[in-house]
Amino acid sequence: MILRPAVPGDAALLARWDEKPHVKWCTGLDPDQPLPDVEREDWAGQIARDVDWLDILIGEVEGRAIGVVQIIDPHLEESHYWGDCAPHQRAIDIWIGEESDLGKGHGTKMMQQAIDRCFADPAVTTILIDPLIINTAAIRFYRRLGFVDVGERRFGEDDCLVMELPRAVWQF
Ligand SMILES: CC(C)(COP(=O)(O)OP(=O)(O)OC[C@H]1O[C@@H](n2cnc3c(N)ncnc32)[C@H](O)[C@@H]1OP(=O)(O)O)[C@@H](O)C(=O)NCCC(=O)NCCS
């Protein structure tokens, strides 16, 4: 497993993954309905951006892209999705693209590498994630990686569980 920066050629694959029922479901969308236009990510545009608060990374196994990790600095991120946020934190999103690649340990390896990458910056204190409360498999997955519950929080129309991995827990 390697994590590499996304390139323009990944945009079509990422758009295809966005249509997958398990990916729609984890973002609070109806998995049985087509992706609404308003939810359609401009992946080509996002990948082309050169901002220091966003990393889009592709997990690759034997040269095959299997999933994606987005790392943001929630203090600097332009939409202020996380609200007022202390500096020196990171927030991670992750999803596996194909259903057939779920539950094979790929996500664990991608997260471990993403976490190491975040904490490689000595200033970073904490990593945040916000799974939907109903996404119990993802919550179990994050707990196994050392994330601890912070509390429930509503983001827009989504009821989420905020979880965090403080540097001290990661080092332990
Ligand atoms: C959450 C997610 C990223 C985890 O990635 P994953 O590759 O499926 O996770 P892993 O395989 O590393 O671990 C998850 C499960 O597989 C099991 N597993 C771990 N290594 C395994 C292996 N080598 N072979 C088979 N199963 C394995 C784990 O025990 C775990 O099982 P559990 O759910 O019964 O506790 C992925 O399931 C996903 O993309 N889900 C949909 C999108 C999503 O919910 N994203 C998170 C939004 S907050």
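Trainee: Which residue in S3 is the bridge partner of Val61?
Mentor: The bridge partner of Val61 in S3 is Arg64. Keep in mind that this is a predicted model, where local features need pLDDT of at least 70, side-chain atom pairs count only at pLDDT 80 or more, and totals for chains, interfaces and linings use all residues. Residues are numbered from 1 along each chain as its sequence is written, and side-chain values use heavy atoms, with hydrogens and water left out.

Trainee: And how many bridges join S2 to S3?
Mentor: Eight bridges join S2 to strand S3 (residues 64-72), and the two run antiparallel; strands are DSSP runs (E, at least two residues) numbered from the N terminus, and two of them pair if DSSP finds at least two bridges between them. In their hairpin, which has two residues between the strands, Glu62 takes a positive phi near 45°.

Trainee: Is S2 enclosed or open, and why?
Mentor: Strand S2 (residues 54-61) is largely enclosed by the rest of the structure, because seven of its eight residues are buried, that is, under 20% relative accessible area with a 1.4 Å probe, counting protein chains only.

Trainee: Switching topic, how many aromatic pairs are there?
Mentor: The count comes to seven aromatic pairs, where rings of Phe, Tyr and Trp (its six-membered ring) pair if their centres lie within 6.5 Å, and planes under 30 degrees apart count as stacked, over 60 as edge-to-face and the rest as tilted. The rings of Trp43 and Trp95 have centres 6.2 Å apart and planes at 50°, so that pair is tilted.

Trainee: Are those two buried or exposed?
Mentor: Trp43 and Trp95 are both buried.

Notes
Buried < 20%, exposed > 50% of the residue type's maximum accessible area, 1.4 Å probe, protein only. Helix = DSSP H or I, 4+ residues; strand = E, 2+ residues; numbered from the N terminus.
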